[in-house]
Amino acid sequence: MKKLDAVIAESPVFAGLTQEQLEFIVGCAQNVHFEEGQKIAKAGDQADVFYLIRMGEVALDLDVPNKKSVRIDTVEAGQALGWSWLIPPYEWKYDVTATELVRAIAFDGACLRGKCDADPVLGYALLSRFSQVLVGRLQATRFRLLDIYGTDTH
Amino acid sequence: MAQTLTETAGSLEAMTPVPYAVTAKRQDTYDTWTLELEPVDGAPIVPGPGQFNMLYAFGVGEVPISNAGNFATDDRLVHTIRAVGAVTKALCAVEIGTVVGVRGPFGNTWPIEEAKGKDVVIVAGGIGLPPLRPAIYHVLKNRKDYGRFVLLYGARTPSDMLFLDEVKSWQRDYDVDLDLTVDAGDSDWKGKVGLVTKLIPPAQFDADDARGFIVGPEIMMKFVAQELINRDLPAESIYVSMERTMRCGVGLCGHCQIGPTLVCRDGAVYTWDEVESLVAVKEL
């Protein structure tokens with residue numbers, strides 16, 4: 001298995017960061033794993049951590065009153081999980097559950113937030129990268145609103 | 001060898017429905033049925049993968065429906081139809097033994113011979129799977145002639161997924177890299193949730209030596225083609241099946257015109273570089 005710093009450096013979400021920035025981020029990172037069915041986060045919890053999924057898949061679920069939980073999205077290997085650590089009020093918006101064995105890198109978001117406040121260059125670099133994650137999710141959501149698999153009327 | 005009636009434009013044969021009897025009918029989803037048809041008399045139509053027939057519900061009207069059968073083993077016509085309008089609802093309501101009219105086959109075929117020796121990446125959305133089924137059967141029957149076979153399928157919900165048991169059997173029995181996703185999961189769905197485009201980045205294929213076949217709503221094909229291009233698959237190696245309101249099937253009436261091309265005559269299968277600029281024009 002690759003070393004932590006190599007995986008982080010090769011991840012699209014951290015691509016283009018300087019060596020110094022990467023070293024700091026690696027210092028805030030650790031390998032974690034979750035068993036199938038294990039809760040990773042709960043909606044409303046403080047979001048002081050985010051993840052880079054290395055293996056497996058997690059589900060984002062939303063509880064709807066008087067209904068079963070609705071699965072909003074899944075996040076797979078190679079993708080970043082969590083942006084709430086960067087944007088107030090720093091709360092998870094969905095329940096996050098491992099749907100299979102998940103290996104991931106966990107990042108100390110609270111630590112990185114402090115560093116971003118002290119180092120606006122790093123702050124801008126991370127904000128712009130996580131904005132791409134956010135925009136991707138927003139576009140995907142809008143696309144799904146189109147109900148593209150709808151029908152013609154022959 | 002697949003027939004085509006397109007070249008006989010204007011002939012009586014091309015415009016005359018042939019009576020076919022419904023010999024089997026299966027409900028696939030809440031709004032989609034598959035019909036099997038056999039000729040009342042005479043030789044059966046032998047379509048190629050990617051071609052379509054005009055199905056006539058007598059007294060109601062005619063619609064273009066892609067062939068979805070396994071031509072390698074079966075002479076019966078197989079059509080999967082979603083009941084959304086007057087004609088398709090009439091076709092989905094037929095009983096076994098009912099006679100419908102069939103004209104065809106029309107249009108061109110998936111380049112499955114040209115794809116031999118290459119990786120094949122098939123991306124289907126919703127009811128886009130049936131038009132790809134004949135090409136899939138061909139690759140499966142000749143599995144050793146092809147490289148990696150990637151099948152990516154997205155649908156609105158798990159209950160909208162067609163032929164799910166069969167699709168999973170392909171993965172199990174034929175070394176198919178299968179990945180599925182739905183726009184909205186339910187409590188029983190254990191797979192991915194999200195756009196079909198999310199299945200493309202992790203898919204394993206050699207972009208330098210692969211062919212991509214896409215069928216689905218036009219906007220889906222647009223985003224899927226872009227994702228495949230992002231994976232370095234050239235636009236001329238990406239094939240899509242265009243859908244327009246085909247009427248005559250032989251390039252005479254012009255109902256299915258997109259810019260300079262008539263889908264019934266020149267398609268419905270095009271390379272992405274042939275139609276990308278046309279898809280971008282709102283008025284077309």
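1. Leaving aside neighbours within four places in sequence, which residues is Arg26(B) in contact with? The answer is Trp33(B) and Thr34(B). The model is a predicted one, and the points below should be read that way.

2. Arg26(B) has its place in strand S1 of chain B. Is this residue, Arg26(B), buried or exposed? Arg26(B) has 11 other C-beta atoms within 10 Å. A residue with 12 or fewer counts as exposed, so Arg26(B) is exposed. Arg26(B) and Pro49(B) are separated by 23 residues in sequence. In space, their C-alpha atoms are 21 Å apart.

3. Next, the domains of chain B. Domain 1 covers 6–106 and domain 2 covers 119–279. Their C-alpha centres lie 22 Å apart. Contact between the two involves 25 residues of domain 1 of chain B and 23 residues of domain 2 of chain B. On the domain 1 side, at least two residues each come from strand S1 (18–29), strand S3 (52–57), strand S4 (61–66), strand S5 (77–82) and strand S6 (99–106) of chain B. S6(B) supplies the largest share of that side, 3 residues. By class, the side of domain 1 of chain B that touches domain 2 of chain B has 11 nonpolar, 11 polar and 3 charged residues.

4. The peptide bond from Gly104(B) to Pro105(B) is cis, and its omega is near 0°. Another cis peptide bond joins Gly267(B) and Ala268(B), with omega about 10°. Ala268(B) sits in the loop between helix H6 (263–266) and strand S15 (269–271) of chain B.

5. Most residues other than glycine have a negative phi, and most peptide bonds are trans. Asp175(B) is not a glycine, yet its phi is positive, about 55°. Asp175(B) is found in the loop between helix H4 (164–174) and strand S9 (176–182) of chain B. With 13 other C-beta atoms within 10 Å, Asp175(B) is partly exposed. Asp232(B) is not a glycine either, and its phi is positive at about 75°. The loop between H5 and strand S12 (238–241) of chain B holds Asp232(B). Asp232(B) has 11 other C-beta atoms within 10 Å and is exposed.

6. Last, a sheet in chain A. Four strands form an open sheet in the order S1-S8-S3-S6, with antiparallel pairing. Why is one side of strand S1 (29–34) and of strand S6 (80–81) of chain A left without a neighbour in the sheet? Both strands stand at the edges, and each has a single partner strand, so one side of each has no neighbour in the sheet. Strand S3 (residues 49–55) of chain A pairs with S6(A) in the antiparallel sense over 2 bridges. Tyr51(A) stands opposite Leu81(A) in S6(A).

Note on methods:
Residues are numbered from 1 along each chain as its sequence is written. Chains are lettered from A and ligands numbered from 1 in the order in which they are written. This is a predicted model: local features need pLDDT of at least 70, side-chain atom pairs count only at pLDDT 80 or more; totals for chains, interfaces and linings use all residues. Domain bounds come from an automatic or database domain assignment. Two residues are in contact if their C-beta atoms, placed from the backbone, lie within 7 Å. Ala, Val, Leu, Ile, Met, Phe, Trp, Tyr, Cys and Pro count as nonpolar, Asp, Glu, Lys and Arg as charged, and the others, Gly among them, as polar. Two strands pair if DSSP finds at least two bridges between them. A residue is buried if 20 or more other C-beta atoms lie within 10 Å of its own, exposed if 12 or fewer, and partly exposed in between; C-beta atoms are placed from the backbone.
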